[in-house]
Amino acid sequence: MTERRYDPKTIEPKWQEIWARERTWEVSNEPDEREKSYVLEMLPYPSGEPHIGHLKNYALGDAIAHFHRRTGCRVLHPMGYDAFGLPAENNAIITGVHPREATNRSIAAYRHWFHRWGISIDWSREFATHEPTYYRWTQWIFLRMLERGLAYRKEAAVKWCPHDATVLANEQVIDGHCERCGALVEVRQLEQWFFRITDYADRLLDDLDGIDWPEYVKTMQRNWIGRSKGAEVAFRCEELGIDYPVFTTRPDTLFGATFFVMAPEHPDVFRLVAGTEHEYAAHEYVNRSLNESVQERGDAEKPKTGVALGRTVTNPVNGEQIPMYVSDYVLMEYGTGAIMAVPAHDERDFSFAQAFGLPIRRVVGTDEALPYTGDGPMIHSSPRFDGMHNRDAYEAIVAWLDVEAKGHPSVSYRLRDWLLSRQRYWGCPIPIVYCEGCGIVPVPDEDLPVELPEIEDYHPKGRSPLATAEDWVNTTCPSCGGPARRETDTMDTFVDSSWYFLRYCDARNDEAAWDPEVLSRWMPVDQYIGGVEHAILHLMYARFFVKALADMGLVDVQEPFKALFTQGMIIGADGNKMSSSKGNVVAPASIVDRYGADAARGYVLFIGPPDQDAAWSDTGVDGVERFLARLWRLGDGFAHDTAGLEPAAPAPAEQPPEPEGAALTLVRKANWAIEKVTGDMTGRFAFNTAIAAIMELVNEVYRHPDADPAARRFATATAASLVFPFAPHLGAEVYEMLTGRRVWEEPWPAADQTMLRAETFMLVCQINGKVRDRVEASTGAPRDELEQLCLEAPNVRARLDGQEVVKVIVVPDKLVNVVVR
RNA sequence: GCGGGCGUGGCGGAAUUGGUAGACGCGCCGGCCUUAGGAGCCGGUGGGCCCAGGCCCUUGGGGGUUCAAGUCCCUCCGCCCGCACCA
């Protein structure tokens with residue numbers, strides 16, 4: 001005879017088969033009386049097999065999805081794959097395996113594991129972004145952007161990653177290094193495709209106020225957008241008769257401007273020095289600057305460099321002639337590419353002035369050392385402004401310039417347009433052809449998708465590998481029918497993931513990207529869950545897409561993700577980030593094989609607050625597995641009469657009427673657990689304490705083996721019901737053993753409020769804030785009765801002897817504090 | 001440098017509104033059961049004193065507010081994250 005024991009290897013496949021066969025988690029697009037809930041985890045980039053972070057991500061989302069279902073929502077919980085991308089392509093260069101093949105293999109592995117983890121996914125909506133049936137619509141959206149002028153082509157100084165041999169968006173450059181591969185990024189002057197995300201800067205900034213996101217993520221986006229209010233002021237070069245506008249956030253310091261600086265990329269630098277003695281030095285300096293890496297150029301610690309242009313401009317507020325310089329600390333992409341320099345009140349201008357021996361004139365009068373960037377009264381700024389507070393002078397000077405037509409209020413942003421083209425193969429083709437006669441011609445909608453051709457050699461050679469597919473590149477112009485060439489760059493993969501959550505709503509629509517009517521039934525995503533690493537990139541691009549699509553009338557929400565939850569990382573047991581080089585990687589496969597999916601899921605949720613990083617611990621999984629086994633044995637005890645408790649036939653496990661003694665204790669504990677778990681899951685995601693509460697309930701049942709079986713059944717069934725969102729297979733199994741019913745079809749339990757309050761409680765008796773005794777008191781007793789009980793408590797009375805009672809504080813149903821002198 | 005977060009037993013963590021610090025889990029100690037235990041069950045477990053009834057100390061350090069502080073305020077230290085020539 002084999003021993004009966006908790007065996008996830010039989011339980012888990014049993015329920016997984018039922019859920020797959022019955023398509024339990026599929027949800028219709030038809031509205032019903034239930035409230036909708038769209039729960040979404042960031043879609044995975046399929047590479048090899050899922051790692052422990054994926055397990056946590058999807059265990060979190062699944063717990064929320066289950067909870068929403070059982071609290072009466074119709075829940076959309078879909079899955080897909082972010083399937084284009086460089087790792088598969090780089091791998092293809094080495095191994096020769098087609099990126100599609102490698103990607104599809106990874107997708108199969110991910111799909112397999114999501115099933116094995118028992119994640120409640122609506123599989124009828126599954127897709128991958130590299131499928132032509134998906135990227136057809138990515139291209140379609142690109143064309144809509146083009147029509148509205150939101151996609152455009154321009155030549156600009158762009159960031160180039162020499163290792164990945166492609167251009168990058170600003171967001172993908174971290175401290176001058178490629179966000180993906182870490183290579184030092186260079187600057188190149190190239191013609192590229194951009195999305196006009198800067199048109200949406202104000203809305204992207206302002207709408208952050210209305211969404212339920214972690215404050216620090218919003219702060220990161222605000223910093224990234226970097227809106228600065230200031231003024232644009234024109235400085236005239238009389239010799240050439242040209243006005244050079246500058247942007248400044250400190251128009252109040254205009255009287256302190258003692259020189260003027262242009263960016264090396266400024267188109268007028270060469271013109272200003274042409275034919276002068278400064279020409280050679282300026283050219284040399286500009287060329288040197290352009291060859292600097294992004295990191296060198298951006299280093300604020302580096303001593304200031306530059307050369308004089310031998311020209312002057314007129315300061316519009318006082319008519320002073322101030323010398324012009326070119327220096328690499330001025331950026332062409334920001335403001336106007338030229339600045340007025342106020343060394344007394346700007347650290348950068350100060351160090352430049354020191355390096356070049358230029359005059360420094362204080363215009364905000366304080367005792368503070370220069371450079372001083374704070375506030376104070378105006379000085380040396382003409383009788384008109386001297387003595388004014390600099391903030392008032394700010395307004396007054398801008399108003400005056402406006403009247404004089406020498407300047408006007410202005411706003412600048414740090415945000416740049418999104419560079420979306422990539423010189424790589426494994427991405428969504430840009431649906432454009434170049435015709436000698438017609439120029440840039442969009443591929444008509446009916447010709448979509450422009451499919452990615454097969455090629456022999458994936459090596460990037462400074463241009464897209466697609467350029468080698470001659471048959472594909474050479475085409476005819478959709479407009480004039482003449483010979484034309486296809487765009488050979490592909491799209492940044494962040495384009496693919498900027499709208500995937502829309503496609504889930506209507507994933508099988510082959511007439512349109514989606515039906516706006518259907519979309520409105522699901523959007524926005526009610527709860528989005530993912531890692532912080534996308535705080536700026538994906539999360540801002542997706543917001544931009546939704547706003548642009550909303551302006552086209554295709555989407556009726558302004559924000560894609562109503563609430564965002566950022567999960568913490570699981571780090572190695574040694575406290576380091578998991579990496580194969582450190583040998584501290586925990587593969588979900590090995591954990592699931594050994595402990596089962598429920599224990600693995602339960603542990604990643606129990607490990608600590610889900611938004612915090614937590615170190616993996618093998619013994620920690622043991623603990624969760626023990627807990628699940630204890631719960632299972634309770635269920636098994638009822639189902640198989642192994643403990644002589646009850647006939648085997650399942651029956652409803654309802655709360656017994658009027659329980660007493662140990663039965664009452666169990667019923668109370670069960671209701672307490674319902675209240676606790678429900679509270680931990682609404683508004684907050686305290687899954688760790690929710691699981692702890694269920695552990696307490698199970699412990700309580702073990703502690704009362706002789707209690708009324710009905711009460712034990714009720715408590716056990718409650719534990720199974722509550723544990724279901726975290727350990728769905730075991731929850732379903734135990735619930736079935738007890739009741740013969742399917743736990744996911746049961747409503748979420750509601751606590752019996754009458755069972756939450758005991759008749760008595762332990763009154764804490766304090767003297768001067770120190771606990772001296774505890775006595776039993778009845779719940780709801782009046783203040784004076786509690787005070788009396790406390791004063792009579794043995795340890796209180798003994799200590800009060802001969803002391804003067806100054807005051808007595810009573811906190812009803814909790815404590816009494818006697819203040820003595 | 002600027003902005004944000006964090007600091008609680010041997011370890012992960014709990015304390016939701018200022019009201020019993022250390023829930024729950026790990027680890028460790030003891031007991032039961034057992035031919036056996038790397039299974040299961042029960043109990044103990046912050047530190048120090050101890051006449052065994054209790055007493056003192058304890059939430060990174062110091063100071064403060066309060067009848068009462070892990071929680072609020074000031075200050076210092078440490079760790080983590082973000083930003084950092086954006087005029």
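A backbone N or O atom of Leu331 lies 2.8 Å from a base nitrogen of RNA strand B. That is a polar contact, meaning a pair of N or O atoms within 3.5 Å; within protein, one must be able to donate a hydrogen and the other to accept it, and residues adjacent in sequence count only if both atoms are side-chain atoms. This is a predicted model, in which local features need pLDDT of at least 70 and side-chain atom pairs count only at pLDDT 80 or more, while totals for chains, interfaces and linings use all residues. Residues are numbered from 1 along each chain as its sequence is written, chains are lettered from A and ligands numbered from 1 in the order in which they are written, and side-chain values use heavy atoms, with hydrogens and water left out.

**The RNA surface**

A polar side-chain atom of Arg416 sits 2.6 Å from a base oxygen. An N or O atom in the side chain of Thr248 is 3.2 Å from a sugar or linking oxygen.

A residue is near the strand if one of its heavy atoms lies within 4 Å of it. Which parts of the RNA face the protein? Of the RNA atoms within 4 Å of the protein, 66% belong to sugar or phosphate, and the rest to bases.

By class, this surface has 22 charged, 20 nonpolar and 12 polar residues. Ala, Val, Leu, Ile, Met, Phe, Trp, Tyr, Cys and Pro count as nonpolar, Asp, Glu, Lys and Arg as charged, and the others, Gly among them, as polar. Helix 23 (residues 687-703) gives the largest share, 7 residues.

**The chain as a whole**

Chain A has 27 helices and 31 strands. Helices (H or I, at least four residues) and strands (E, at least two) are DSSP runs, numbered from the N terminus. The C-alpha trace spans about 105 × 85 × 50 Å along its principal axes. Of the 821 residues in chain A, 55% are buried. Buried means under 20% relative accessible area, exposed over 50%, and partly exposed in between (1.4 Å probe, protein chains only).

**Strand pairs**

Strand 12 (residues 259-262) and strand 15 run antiparallel, joined by 4 bridges. Two strands pair if DSSP finds at least two bridges between them. Phe259 stands opposite Ala341 in strand 15. In a regular strand the side chains alternate between the two faces of the sheet. In strand 15 (residues 338-341), Ala338 and Met340 point one way, Ile339 and Ala341 the other way, and all are buried.

Strand 13 (residues 307-314) and strand 14 (residues 321-326) also pair in the antiparallel sense, over 5 bridges. Thr314 stands opposite Gln321 in strand 14. This hairpin has 6 residues between the strands, and Gly319 takes a positive phi near 75° there.

**Aromatic pairs**

The structure holds 48 aromatic pairs. Rings of Phe, Tyr and Trp (its six-membered ring) pair if their centres lie within 6.5 Å; planes under 30 degrees apart count as stacked, over 60 as edge-to-face and the rest as tilted. Here are two of them.

| Pair | Centre to centre | Angle between planes | Type |
|---|---|---|---|
| Phe67 and Trp748 | 5.0 Å | 85° | edge-to-face |
| Tyr200 and Phe544 | 5.4 Å | 70° | edge-to-face |

Why does the pair of Phe67 and Trp748 tie together parts that lie apart in sequence? Phe67 lies in helix 2 (residues 52-70) and Trp748 in the loop between helix 25 (728-739) and strand 28 (760-767), so the linked parts are 681 residues apart. Phe67 is buried at 3% relative accessible area, and Trp748 is buried at 9%.

The pair of Tyr200 and Phe544 links distant parts too, 344 residues apart. Tyr200 is in the loop between strand 9 (186-195) and helix 6 (201-206), and Phe544 is in helix 18 (residues 537-551). Tyr200 is buried at 6%. Phe544 is buried at 0%.

Ring pairs also build a cluster from Phe127, Tyr134, Trp499, Tyr500, Phe501, Tyr504, Trp514, Tyr528 and Phe561.

**Charges over rings**

Arg196 lies over the face of Tyr152, 4.0 Å from the ring centre. Arg486 lies over the face of Trp472, at 5.5 Å. A charge sits over a ring if NZ of Lys or CZ of Arg is within 6 Å of the ring centre and within 35 degrees of the ring normal.

**A buried loop residue**

Asn509 is in the loop between helix 16 (500-503) and helix 17 (516-522). Asn509 is buried, at 14% relative accessible area. The Asn509 side chain reaches the backbone nitrogen of Ala512 at 3.1 Å.
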